[in-house]
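Hi,

Here is the structure I said I'd pass on, so please have a look when you get a moment. My notes on what turned up follow below it.

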Amino acid sequence: MKDPQYGWWLPPDVSTNGWVVDQLLAIIHWFMLALFVGWGIFIIYCLLRFRAREGHSAVYEPIKAAFSKWLEVGVAVAEGVVLVALAMPAWAAIKNITAEVPENPVIIRAVAEQFKWLFHYSGKDGVFGAIGSEFISTDSPAGVDPDDEAGYDDFWVYGLHIPVDRPVITRLSSKDVIHSFKIPVMRLTQDAIPGLEIAVWYQATDTGKFQVGCAQLCGLGHYEMKADFVIHSPEGYQAWLDEEHAALGFDDE
Amino acid sequence: MRNTRHWGLTMSDSHDELNFWRKYVFSTDHKTIGIQYGITALVFLFFGFSLMMMMRWQLAYPGQAIPIIGALLGDTFVNRGAMLPEFYNQLGAMHGTIMVFMGIVPLAVGAFGNFVVPLQIGAADMAFPRLNMMSYQAFVIGGVIMLLSFLAPGGAASSGWTSYAPLSDIATSGQTWWLIGMIFLIFSSLLGAINFIVTIIHLRAEGMTFFRLPFFVWSQLVTAFLLLLAFPALQAAAVFQLMDRLAGTSFFLPSGLVVGGEASAAVGGGSPLLWQHLFWFLAHPEVYVLILPGMGIVAEVIAINTRKPLWGYRSMVYSLVFLGFMSFCVWAHHMFLTGMGTTMSTFFQITTMIISIPSVIILSCLVISLWGGSIRFPVPMLFALAFLPMFGIGGLTGLPLGLAVPDVYLHDSYYVIGHFHYVVAPGTIFAMFAGIYHWYPKATGRAMNESLGKLHFWLSFIFMNGIFMPMMFEGMAGVSRRLFNPEVYNTGLGAHGLTVISSWSAWCLALSQLPFIYNFFASMRKKERAEENPWQATTLEWATPTPPPHGNFPSPPVVERGPYEYSVPGAASDFSPQAVKQGV
């Protein structure tokens, strides 16, 4: 995507799941607007028609029959619509987002700490080295066991790089406090909680350079806890992987 | 006949001449305590609002020196007059804490509940007058601790009003002060809650059946139950967190924490989510504590100024009770993004949709009550009418947040800030203003100036919307809350214009309160006395002398009819008081 625009409304959506969110937002907001305008018209009409003035007095008997019943039923139906037509599909939608296991995914660990995002890739072998908080050090910020061979080709970077048109699973964890992994252009937010590992999946539909942010107050530097989010073409992604691999000092086989 | 005995006791007290301290400071009279609560809460509200005005400067003009105030603040808060991120986080946490726990709740419950409830049910005082005094004192102590915490090393609490662990567990000592302050504030609310429940159940005047209670009293009764049942969860959580911080426990600290590159010394094994569950188990019912008394005031003001009975009084009461019950079953909709499974999130989405039904019924009843009225527009009525659409926006914008899928995008964005402020600021605070203008003549014996009141209303109405409507759009644009400088992100840069509108509206809102502040104090000194019953109202508080003496009623009132008997066909006037005035 060339020069994404950010303004006073939804940012661009470059994800396969984003439309579900955008569509629900649209439906709910039209529904809200209809209710609000309906109520508003009724209130203004009452204020004008029933304003206190000479020769006008209030009616003691409550309004009955058709009108009140219609309103009671209206309220019940509106609530029913919210529940059945909105909450249920929403449930189905979120199930699709989180429960369906995507095929041939790219798996990336995201490790949050005050105040940066670390992204841990499994390298050429596709297998992560053993992880433990006791292995965390300046040389190994992702906490990979130095004796585990599977971890020899693991690498970590401070920006999120993914290929376009391929599902990505991100396994989120945190070293210290609660952070929240937010990518507006993916319509995605998920807390990263110390002591837990939570997976999310998403898939990009366009290439481009965007941002990952932190959406949960995590301390002094919370506001600048952002990282680049780069969506590569499949070739571009492979080239980037090779470059990172070479930087580890491996000879290309 | 319990009532009569109570009467006898209090009436004999009322003839004692009390010295200044007993009368104004250590008073056990519910009206004095109500006014003490009211003034203290209004001061805290204005203080909390001032903190926010400084934050709005940083948001609109990041990194620029704060005009005037910047020069007065110390090095730990500002750098050459420009705000430091640590100070911004303190302001954010303390703004929320002060507005909710030291502003709105004491005003809605402590002030209006204390002053109005005993009068409306025809009681001489609260059931436990000394407990009432103690409740106010605990509130003041808690409030002072909170304010002093700005002087702690590292400043005040800075982990948000939600104080999520582990961030709060490892925060500077201001957090310890926050926890101790909260323990006092919660203690105060618990004492108050017990007092309200006993008072409303036991001290109703003869003939005041439950379904003759004004809706405002019902709202206070349900609120008291919410406070009593929800606050202990946070009280316990606050003690746990205090122990984590001071005694080396790990209630909220998991194993294997690495903070700032150093392995944590805590033993671990705790859960950060435990705090969130305990906190929101309180804080969701707390939302209803913030709104229900406001609905109660609005119902009173609307009934009086439409000159007709409230439409659907009984269904409003049932909805209120149901709302109170359901508010304990929705807390985890604040936690959709903590990795909660589908079953759990489905449960909480459904309960959240269900809880919207009674709110819609109450709001609809209030709106339909306008039909067939003879509507007057004094200042309290303006605020009460504005409450309806403002609370409507607040409630409606809860819908996308209560459903997990849209919440995935909107969570922790400015949309959330806009949503709950619409409920609490132009919602509850407008209801509070309605109450102040409405009962001021009862409390002081003087009427407030109408023109100044109208000026105050219209300016507040415009600028309240000017602050919070842009936030909805910012949230949609993807700007996260609690950012010291949102322009770090391209979403924040894109929405910067909205931020500036919000900020200027906030400062203008502050100026709009000047007519109110002047009106509030100047009206007290007026020579001209207000009428005994200036709104021609039916409820019992208007059947007392103005201002009501110690002991309230010259003789026990006997209630003969419901609270909203306006424009009764064949009656002598368009209002039929609940109790015919007893001989003085």
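D574(B) and R307(B) are paired through their side chains in a salt bridge, 2.9 Å from N to O. Keep in mind that this is a predicted model. The pair brings together distant parts of the chain: D574(B) belongs to the segment after α19 of chain B, R307(B) to the loop between α9 (272-306) and α10 (313-326), and 267 residues separate the two. With a relative accessible area of 3%, R307(B) is buried, whereas D574(B) is partly exposed at 34%.

On the subject of shared partners, R109(A), R171(A) and E197(A) are joined into one network by salt bridges. Over all chains the count comes to 10 salt bridges. One of these that I'd look at is K124(A) with D242(A), at 3.4 Å from N to O. K124(A) sits in the loop between β2 (116-121) and β3 (155-157) of chain A and D242(A) in helix α3 (residues 234-247), so this pair ties together parts that are 118 residues apart in sequence. K124(A) counts as partly exposed, because its relative accessibility is 43%; D242(A) is partly exposed too, with a relative accessible area of 30%.

Then there is K31(B) with D29(B), whose side chains meet in a salt bridge of 3.2 Å, N to O. Are these two buried or exposed? Both K31(B) and D29(B) are buried.

Now the nonpolar side of things. The largest nonpolar core holds 217 residues, and the ones with the most contacts inside it are M94(B), F215(B), L234(B), L292(B), L366(B), L370(B) and L388(B). Helix α5 (residues 85-121) of chain B is the top contributor to this core, giving 21 residues. Chain A takes part as well: at least three residues come from each of its domain 1 (18-98) and domain 2 (106-247).

Setting aside neighbours within four places in sequence, L388(B) is in contact with V298(B), I302(B), L363(B), L366(B) and V367(B), and with I43(A) from chain A.

L511(B) is placed in helix α18 (residues 496-512) of chain B, and it counts as exposed because its relative accessibility is 57%.

A few words on chain A as a whole. It has 3 helices and 10 strands, and along the sequence they run α-α-β-β-β-β-β-β-β-β-β-β-α. Of its 253 residues, 51% count as buried. Among the contacts in chain A with a separation of 6 or more, 67% are between residues 24 or more positions apart. Its accessible surface comes to about 12,200 Å², with 59% of that belonging to carbon and sulfur atoms.

Finally, some backbone details in chain B. Most residues other than glycine have a negative phi, and most peptide bonds are trans. I68(B), though, has a positive phi near 60°. I68(B) is in the loop between α3 (30-60) and α4 (69-72), and is exposed, with a relative accessible area of 72%. S163(B) also has a positive phi, about 50°, without being a glycine. S163(B) lies in the loop between α6 and α7, and with a relative accessible area of 0% it is buried.

That loop between α6 (129-148) and α7 (174-202) also contains P166(B), which is joined to A165(B) by a cis peptide bond with omega about 0°. A cis peptide bond also joins T546(B) and P547(B), where omega is about -15°; P547(B) is in the segment after α19.

Cheers

Note on methods:
Residues are numbered from 1 along each chain as its sequence is written. Chains are lettered from A and ligands numbered from 1 in the order in which they are written. This is a predicted model: local features need pLDDT of at least 70, side-chain atom pairs count only at pLDDT 80 or more; totals for chains, interfaces and linings use all residues. Side-chain values use heavy atoms; hydrogens and water are left out. Helices (H or I, at least four residues) and strands (E, at least two) are DSSP runs, numbered from the N terminus. Buried means under 20% relative accessible area, exposed over 50%, partly exposed in between (1.4 Å probe, protein chains only). A nonpolar core is a set of buried Ala, Val, Leu, Ile, Met, Phe, Trp, Tyr and Cys residues joined through side-chain atoms within 4.5 Å. Domain bounds come from an automatic or database domain assignment. Contact means heavy atoms within 4.5 Å. A salt bridge is a side-chain nitrogen of Lys or Arg within 4 Å of a carboxyl oxygen of Asp or Glu. Accessible areas come from the Shrake-Rupley method with a 1.4 Å probe; for residues, only the protein chains shown count as cover.
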